[in-house]
Amino acid sequence: MGLVFRGAAEAGLGAASAADRPGPPDAVPNPTPTPPAEGADPGSSRGPGMVLKAFFPTCCASADSGLLVGRWVPEQSSAVVLAVVHFPFIPVQVKELLAQVQQASQVGVTVLGTWCHRRQELEESLGHFLEGLGAIFSHKPWFQLCRERGSKSWSCKATHWRGPASPAASGEDQVMLIFYDQRKVLLSQLHPPMALPDRQAGDTTASAGGLAAVFDTVARSEALFQSDRFNEGPVRLSHWQSEGMEASILVELAKWAAGPVCLFLACLLSLISAASSCRVFKLWPLSFIWSKLSTCEQLRHRLEQLTLIFSTRKAKNPAQLMRKANMLVSVLLDVALGLTLLSWLHRKDLIGQLADALIPVADHVAEELQHLLQWLMGAPAGLKMNRALDQVLGRFFLYHIHLWISYIHLMSPFIERILWHVGLSACLGLTVALSILSDIIALLTFHIYCFYVYGARLYCLKIHGLSSLWRLFRGKKWNVLRQRVDSCSYDLDQLFIGTLLFTILVFLLPTTALYYLVFTLLRLLVVAVQGLIHLLVDLINSLPLYSLGLRLCRPYRLAAGVKFRVLEHETGRPLRLLMQINPLPYSRVVHTYRLPTCGCHPKHSWGSLCRKLFFGELIYPWRQRGNKQD
Amino acid sequence: MEDEQSFSDICGGRLALQRRFYSPSCLEFCLSCPRITLRSLTAVTCSVWLAAYGLFTLCENSMILSAAIFITLLGLLGYLHFVKIDHETLLIIDSLGIQMTSSYASGKESTTFIEMGQVNDVVINEAIYMQKVIYYLCILLKDPMEPHGISQVVPLFQSAKPRLDCLIEVYRSCQDILAHQKATSTSPEGGDKIISASNRRSHSGMGAYWHRQEDKSEQDHDPASRIGHCDYVQSFMHTR
């Protein structure tokens with residue numbers, strides 16, 4: 001079974017004594033004195049009745065007897081058991097393996113104690129043998145976990161060697177066993193709780209205490225889990241992968257293929273981005289148009305995302321990896337939805353129908369606008385307008401509509417071809433198709449936009465004139481130098497003309513205001529429709545589908561914390577707990593892993609919007625100027 | 001070791017407090033809320049269906065009746081899964097932390113675990129809730145910046161809302177375990193926390209202000225004098 005080192009146990013730590021008892025086969029006695037093992041940390045002061053915690057992997061609960069290997073965390077008085085080393089072993093080789101793992105993973109892996117999985121009561125010799133191992137791999141405290149085969153009764157002891165002279169004076173501490181699923185803890189990622197709103201988010205790592213250390217230890221000790229039972233190594237380990245490392249052929253093939261594919265796609269994308277940033281497109285009319293169209297913005301955004309996904313640099317931390325994965329899934333979903341849309345359009349030949357219906361719809365809209373203007377030119381809602389101004393404005397807008405209709409009719413032969421090409425762009429993604437739809441709506445309602453601008457400018461002019469003349473009425477003036485209202489003495493003729501103009505403007509106000517109101521409402525309607533489309537595009541762009549899918553299918557990967565369950569307890573036996581992973585709620589998943597969008601959010605509050613409307617200032621709600629939010 | 005006692009909540013409903021004593025360092029309290037009664041269920045269903053029938057007589061559209069049945073079923077399922085809490089459990093493990101679990105009527109469980117390193121103290125606070133002044137048990141979390149400051153107040157037993165007698169039971173057991181934990185704690189400030197016969201003034205992030213005077217070194221088991229030792233100044237804070 002192993003080495004019997006009774007002599008060493010009696011002589012205490014550091015004694016150089018050869019093994020006198022014949023041990024079981026395949027055991028080589030170690031004659032050299034063994035130095036104290038790494039990790040024995042006598043720094044923490046311990047009071048009486050202290051409870052130590054031992055984190056034990058569930059996969060090792062049915063393993064054969066052996067040595068416990070893991071890490072001791074003195075600040076939390078807890079031992080994280082990572083694996084079990086089975087008999088027979090050679091202590092030197094075990095120490096070599098642990099030194100290798102320690103170097104590879106920067107985790108202080110040591111021998112923590114012994115594990116005994118037996119059929120009946122403890123034999124005398126075995127007991128002493130196990131204690132004797134404590135002398136070889138000296139560690140403070142030395143854990144002795146024991147389980148009877150086929151039953152649920154466990155027993156744990158943690159002893160401290162007080163000194164070479166009196167091993168009997170060793171203190172014993174209570175041990176609490178916490179079982180954990182090693183594979184799940186290895187793969188999961190802890191998300192610290194959100195910072196409180198009144199605190200800065202800089203110090204959250206200070207509270208990441210004991211359990212984060214456990215997760216960290218297991219995650220970094222991958223080097224220990226590389227050997228399984230099919231490896232012909234000198235030391236036989238038992239851990240979650242000891243039955244054989246699991247891997248997937250598809251994943252391995254994808255990893256192989258990822259390198260050259262990424263390289264190729266990265267070159268292609270860099271060519272495209274170089275072409276799109278060439279000088280021709282920066283000339284004034286083109287750059288102005290590009291900045292106004294939301295399609296270009298969306299295409300640029302997608303190009304950036306694709307460049308990031310296929311860049312040949314590896315992700316530096318898990319958050320970046322998740323972001324890449326989310327972007328990839330988002331792009332793929334987008335393209336899939338776009339292709340679905342395309343196939344649906346072509347199946348029902350909707351493009352042809354759309355092209356045929358477009359001109360009559362545009363005509364119908366123009367007719368409705370004409371009716372509206374006729375209504376305004378009469379007595380709208382019973383209000384009495386100023387006849388002359390009314391006629392002027394009405395005729396002006398009617399002529400505008402007439403021009404617009406002529407342009408639409410000029411373009412009608414090309415509509416179908418244009419629509420067909422636009423429909424083809426849906427294979428770049430549904431978001432691109434939606435952006436193009438939004439742009440088409442903007443182009444088709446351009447006359448409404450023009451009317452809004454005319455009405456708003458006229459109204460704005462009127463309001464400014466009115467406010468300035470109102471100040472004149474009261475004998476005050478706006479001081480541009482000091483940006484305030486000062487009193488001023490006017491001449492009589494200035495006052496006379498000013499009052500006259502003021503009266504004229506006041507009496508013309510209802511007419512202008514009504515035109516302004518009507519066209520602003522129309523414009524807001526169009527903006528609302530465009531806004532809904534942009535909202536949908538934003539949703540597709542920013543939803544972290546990969547993270548949501550991971551939360552649905554592998555909830556242990558995204559951990560908000562842990563939860564404990566007390567297992568069957570008998571008096572006199574140690575307390576046993578099961579530690580499970582508490583997955584992150586969906587709302588926090590979306591909040592943490594949201595992708596950055598184009599930032600097409602209205603920057604006004606409702607109050608400032610109302611103020612702008614009242615004073616006739618132009619509103620640009622969906623301005624996309626590269627405002628990227630992180 | 002298990003025992004069960006019956007208490008009442010702030011509205012007069014019956015609550016059952018089950019206490020499980022696993023070891024001197026591990027304790028579990030399970031507070032069962034009053035169940036959903038047949039009377040209230042019947043009342044809600046009847047009112048919804050009467051309203052639907054009233055609409056049906058107005059509109060003559062039979063979709064309304066099927067919609068009413070759907071709404072009732074979905075509403076009941078949603079209520080059982082998202083709103084109605086069956087029992088709340090508090091598990092305290094010395095040197096690990098405090099865990100609160102709410103089990104919903106449909107079996108769903110939502111758990112929060114707070115590590116012992118973050119727990120400053122467990123106290124009973126007063127609050128104004130609608131038109132009543134109620135007591136509630138809460139956990140005070142440490143502030144990473146200030147060693148004796150409070151960063152957050154986590155109320156316990158939010159849906160059961162037991163009265164003070166039940167809270168005192170839970171509070172006493174919690175304090176025993178916390179005192180034991182602080183006595184055996186390895187942190188440098190662990191030692192001077194137990195001899196807190198001094199005043200402790202703490203401010204939580206939500207503006208609650210409490211002032212507690214208690215001599216922890218005296219293990220006084222007489223309930224009356226135990227409360228007499230503590231002065232709780234009112235704190236004006238909404239629990240919900």
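These notebook entries record what I looked up in chain B of a predicted model.

**Entry 1: the sheet.** I began with the strands of chain B and found an open sheet of 3 strands, paired antiparallel in the order β7-β8-β9. I noted β7 (119-129) and β9 (150-155) of chain B as the edge strands, since each pairs on one side only. From one strand to the next, the twist averages 35°.

**Entry 2: one strand pair.** I then examined how β7(B) meets β8 (residues 132-142) of chain B; the two run antiparallel and are joined by 10 bridges. Within this pairing I located B:Ile124, which stands opposite B:Leu137 in β8(B).

**Entry 3: the helix on the sheet.** I looked up which helix packs on the sheet and recorded α3 (residues 164-183) of chain B, which touches β7 and β8 of chain B. The direction of helix α3 makes about 160° with that of β7(B).

**Entry 4: the domains.** I turned to the division of chain B, which gives domain 1 (2-35 + 85-184) and domain 2 (38-83). Taken over C-alpha atoms, the centres of these domains of chain B are separated by 37 Å.

**Entry 5: the interface.** I found 5 residues of domain 1 of chain B in contact with 4 residues of domain 2 of chain B. Between them the two domains bury about 410 Å², of which 51% lies on carbon and sulfur atoms. B:Tyr104, B:Ser106 and B:Lys108 supply 72% of the area that domain 1 of chain B buries against domain 2, more than any other three residues.

Definitions and conventions: Residues are numbered from 1 along each chain as its sequence is written. Chains are lettered from A and ligands numbered from 1 in the order in which they are written. This is a predicted model: local features need pLDDT of at least 70, side-chain atom pairs count only at pLDDT 80 or more; totals for chains, interfaces and linings use all residues. Side-chain values use heavy atoms; hydrogens and water are left out. Two strands pair if DSSP finds at least two bridges between them. Helices (H or I, at least four residues) and strands (E, at least two) are DSSP runs, numbered from the N terminus. Axes are lines fitted to C-alpha atoms, for helices over the stretch in contact, and angles run from 0 to 180 degrees between N-to-C directions. Contact means heavy atoms within 4.5 Å. Domain bounds come from an automatic or database domain assignment. Buried area is the accessible area (1.4 Å probe) that two parts lose on being put together, summed over both.
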